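Notes below, in the order I checked things.

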Amino acid sequence: MTISEASRKYGLTCDTLRYYERIGLIPPVPRDAGGKRDYDEDSCGWIELMKCFRSAGVQIDALIDYVALYRQGSDTAGARLAILEDQREKLLARITEMQASLQLLDKKIAFYKEDQ
């Protein structure tokens, strides 16, 4: 799959995909005979994972740490688990904040609807 195809498939710009590869969030993408990126199943799996993590609000630094630990092998599973658990707690806190914001918005909407 070309970078343009991967970009469309995952809703990320080509620049973002190149950036993710450059900073190590996805392993180096295989190249075709002409030197162009040829995203394989493994590369696509990393893109999906990084997209999921980013949409959950996981910071780039935490992702870099996670991927670096992954590349070091199974001995780092505990450290990777700790990163994931920490990020999960942060996400739960954001969800709680968002739910509170939604409730306030719902109250304001109800107030204005009653006034009509």
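This is a predicted model: local features need pLDDT of at least 70, side-chain atom pairs count only at pLDDT 80 or more; totals for chains, interfaces and linings use all residues.

**Charges, pairs and a patch**

I started with D32, which counts as partly exposed because its relative accessibility is 34%. I placed D32 in the loop between helix 2 (14–22) and helix 3 (41–55). I then found D32 in a surface patch of negative charge, together with E5, D38, D40, E41 and D42.

Next I went for the salt bridges, and the count is three.

- I saw R18 and D15 pair at 3.0 Å, N to O. Both lie in helix 2, three residues apart, about one turn of the helix. R18 is partly exposed at 33% relative accessibility, while D15 counts as exposed at 56%.
- I logged R37 with E21 at 2.6 Å, N to O. This pair links distant parts of the chain, 16 residues apart: R37 is in the loop between helix 2 and helix 3, and E21 is in helix 2. Both R37 and E21 are buried.
- I found D86 and K90 joined at 3.3 Å, N to O. They are four residues apart in helix 5 (residues 77–114), so about one helical turn separates them. D86 is partly exposed at 36%, and K90 is partly exposed too, at 46%.

Methods
Residues are numbered from 1 along each chain as its sequence is written. Side-chain values use heavy atoms; hydrogens and water are left out. Patches are made of residues with over 30% relative accessible area and no salt bridge: like charges are joined within 9 Å, nonpolar side chains (Val, Leu, Ile, Met, Phe, Trp, Tyr) within 5 Å. Accessible areas come from the Shrake-Rupley method with a 1.4 Å probe; for residues, only the protein chains shown count as cover. A salt bridge is a side-chain nitrogen of Lys or Arg within 4 Å of a carboxyl oxygen of Asp or Glu. Lys and Arg count as positive and Asp and Glu as negative; His and the chain ends are not counted. The place of a charge is taken as NZ of Lys, CZ of Arg, CG of Asp or CD of Glu. Helices (H or I, at least four residues) and strands (E, at least two) are DSSP runs, numbered from the N terminus. Buried means under 20% relative accessible area, exposed over 50%, partly exposed in between (1.4 Å probe, protein chains only).
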